[in-house]
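Subject: Structure for you to look at

Hello,

Here is the structure I said I would pass on. My notes on it follow below.

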Amino acid sequence: MLEQLKELLANILPDIDLSTITEDTRLIEDLGFDSLALMMLSMEIEDAFGFKFTEFVYFETVGDVCGYLESRI
């Protein structure tokens, strides 16, 4: 799941060094995500995994996103 998520992150932040991303990487503090980037990530996830977010989900780390996705698929 981590590798799939890294591909989505690269769509949002094309200059990112994917080799530095781990499950402990924080979206805001480490990757510099803002509200627009978080919205873009949500849209990328919806497109890639074929579901729609129906409620607010707070993701702090890449691992949070992976865990959520693993619970959905």
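**Overall fold**

From the N terminus on, the protein chain runs α-α-α. That comes to three helices and zero strands, where helices (H or I, at least four residues) and strands (E, at least two) are DSSP runs, numbered from the N terminus. This is a predicted model, in which local features need pLDDT of at least 70 and side-chain atom pairs count only at pLDDT 80 or more, while totals for chains, interfaces and linings use all residues. Residues are numbered from 1 along each chain as its sequence is written, and side-chain values use heavy atoms, with hydrogens and water left out.

The C-alpha trace spans about 30 × 25 × 20 Å along its principal axes. The radius of gyration of the protein chain is 11 Å, which agrees with the value near 11 Å for a compact globule of 73 residues; the radius is taken over C-alpha atoms, and the globule rule is 2.2 Å times the number of residues to the power 0.38. Of the 73 residues, 36% are buried (under 20% relative accessible area, with exposed over 50% and partly exposed in between; 1.4 Å probe, protein chains only). Among contacts (heavy atoms within 4.5 Å) between residues at least 6 apart in sequence, 54% join residues at least 24 apart.

In helix H3 (residues 62-72), the buried residues are Val 62, Gly 63, Val 65, Cys 66, Tyr 68 and Leu 69. Helix H1 (2-12) and H2 are included in what covers them.

Leu 27 sits in the loop between H1 and H2. Leu 27 counts as buried because its relative accessibility is 0%. Beyond four places in sequence, Leu 27 touches residues including Leu 9, Leu 38, Phe 59, Val 62 and Val 65.

Neighbours within four places aside, its contacts include Leu 9, Leu 13, Ile 16 and Val 62.

Thr 25 is also found in the loop between H1 and H2, and is buried at 8% relative accessibility. The Thr 25 side chain reaches the backbone nitrogen of Thr 22 at 2.8 Å, a polar contact (a pair of N or O atoms within 3.5 Å; within protein, one must be able to donate a hydrogen and the other to accept it, and residues adjacent in sequence count only if both atoms are side-chain atoms).

**Glu 46**

Glu 46 is in helix H2 (residues 35-49) and is buried, with a relative accessible area of 16%. Its side chain reaches the backbone nitrogen of Phe 53 at 2.9 Å. Residues up to four places away not counted, Glu 46 touches Phe 51, Lys 52 and Phe 53.

**Largest pocket**

The largest pocket has a volume of about 250 Å³. Here a pocket is an open set of points on a 1 Å grid over the protein atoms alone, where a 1.4 Å probe fits, with protein on both sides within 12 Å along at least five of seven lines; lining residues have an atom within 4 Å of a point. Grid points are joined across faces, edges and corners, and the volume is the space filled by probe spheres set on the points. Among the lining residues are Ile 28, Leu 38, Met 39, Phe 53, Glu 55 and Tyr 58.

Regards
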